[in-house]
Amino acid sequence: MKYDLLQILGAAMIVTFAQGLIRLLVDHDNRGLLSWLPGGFAPVLVAYAALTVAGVLLAGRAHTRAKALGRR
């Protein structure tokens, strides 16, 4: 159950922050959820990219662990 929840959380992070990353690349002034971050375009871009990668790693690791336990 724990790995299922972690995989859902990772997928939600991927969807949310990848969408924000794409939006930021299309319209540099639209920062979305991370509009509170100081700095310009580059720090927000790095933050979106890092959070997207963190979601991918979390979902992938949770899937691998669940698979090792025979849940997948």
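User: Does Asn 30 count as buried, partly exposed or exposed?
Analyst: Start with where it sits: Asn 30 is in the loop between α1 and α2 (helices, H or I, of at least four residues and strands, E, of at least two are DSSP runs, numbered from the N terminus). Buried means under 20% relative accessible area, exposed over 50% and partly exposed in between, using a 1.4 Å probe and protein chains only. Asn 30 comes out at 32%, so the label is partly exposed.

User: What kind of model is this?
Analyst: Residues are numbered from 1 along each chain as its sequence is written, and side-chain values use heavy atoms, with hydrogens and water left out. Local features need pLDDT of at least 70, side-chain atom pairs count only at pLDDT 80 or more, and totals for chains, interfaces and linings use all residues, as the model is predicted.

User: How do α1 and α2 run relative to each other?
Analyst: They pack at an angle of about 155°, with their axes 7 Å apart. Axes are lines fitted to C-alpha atoms, for helices over the stretch in contact, and angles run from 0 to 180 degrees between N-to-C directions. Under 35 degrees is roughly parallel, 65 to 115 roughly perpendicular, over 145 roughly antiparallel and the rest oblique. That makes α1 and α2 roughly antiparallel.

User: How many nonpolar residues are in the contact of α1 with α2?
Analyst: Ala, Val, Leu, Ile, Met, Phe, Trp, Tyr, Cys and Pro count as nonpolar, Asp, Glu, Lys and Arg as charged, and the others, Gly among them, as polar. Sorted that way, the contact of α1 with α2 has 1 charged and 6 polar residues, and the nonpolar ones come to 23.

User: How is the pair of Phe 17 and Tyr 48 classed?
Analyst: Rings of Phe, Tyr and Trp (its six-membered ring) pair if their centres lie within 6.5 Å; planes under 30 degrees apart are stacked, over 60 edge-to-face and the rest tilted. That rule gives 1 aromatic pair. The ring centres of Phe 17 and Tyr 48 are 6.2 Å apart and the planes sit at 55°, so the pair is tilted.

User: How many residues apart are Phe 17 and Tyr 48?
Analyst: Both are buried. Phe 17 belongs to helix α1 (residues 2-26) and Tyr 48 to helix α2 (residues 41-68), so the pair links distant parts of the chain, and the gap is 31 residues.

User: How far apart in space are Leu 21 and Tyr 48?
Analyst: Leu 21 is in helix α1 and is buried, at 18% relative accessible area. Along the sequence, Leu 21 and Tyr 48 are 27 residues apart, yet C-alpha to C-alpha the distance is 5.5 Å.

User: And what separates the C-alpha atoms of Leu 37 and Ala 47?
Analyst: Leu 37 is in the loop between α1 and α2, and with 18% relative accessible area it's buried. Leu 37 and Ala 47 are 10 residues apart along the chain, with their C-alpha atoms separated by 9.0 Å.
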